[in-house]
Amino acid sequence: MTLIHVPRPPQSAVDPDRPVSSLLKTQIENLHQAEGRLPLRHRSEIYTNAIKTEGEAARYIKHVTEAI
């Protein structure tokens, strides 16, 4: 098997205070629908319309992904 080296993104690519992109908003919407099918004990209490930054989105995505 051929090993393909993938370079790390530059540190400037990580900005938790950057506003969420439309791609992230769509991912949040899809995860919110999936979260609605989870048992109550696994649901977050995060109001998804209040997510404004990539850092907030990352925390929500992590919570729901782990719950699934």
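Analyst: What follows is a set of questions about the terms used for this predicted model.

User: What makes Arg-18 and Glu-54 a salt bridge?

Analyst: The closest N and O atoms of Arg-18 and Glu-54 are 2.8 Å apart, and the term asks for a side-chain nitrogen of Lys or Arg within 4 Å of a carboxyl oxygen of Asp or Glu, so the pair qualifies. The two residues lie in distant parts of the chain, with Arg-18 in the segment before H1 and Glu-54 in helix H2, 36 residues apart. A search of the whole structure finds one salt bridge.

User: Why is Arg-18 called partly exposed?

Analyst: Arg-18 has a relative accessibility of 29%, and because buried means under 20% and exposed over 50%, a value in between counts as partly exposed. Glu-54, at 22%, is likewise partly exposed.

User: Which residues make up the largest nonpolar core, and which elements give two or more residues to this core?

Analyst: The largest nonpolar core has nine residues, namely Val-20, Leu-24, Ile-28, Leu-31, Ile-51, Ala-57, Tyr-60, Ile-61 and Val-64. Helix H1 (22–35) and helix H2 (54–67) are the elements that give two or more residues to this core, and the largest share, four residues, comes from H2.

User: How do you know what kinds of residue line the largest pocket?

Analyst: The largest pocket, with a volume of about 170 Å³, has a lining of three nonpolar, three polar and three charged residues.

Methods:
Residues numbered from 1 in each chain as written. Predicted model: local features only at pLDDT ≥ 70, side-chain atom pairs only at ≥ 80, totals over all residues. Heavy atoms only, no water. 1 Å grid on protein atoms, 1.4 Å probe; cavity = no way out; pocket = protein on both sides within 12 Å on 5 of 7 lines; lining within 4 Å. Points joined across faces, edges and corners; volume = space filled by probe spheres on them. Nonpolar A, V, L, I, M, F, W, Y, C, P; charged D, E, K, R; others polar. Core = buried A, V, L, I, M, F, W, Y, C linked by side-chain atoms within 4.5 Å. Buried < 20%, exposed > 50% of the residue type's maximum accessible area, 1.4 Å probe, protein only.
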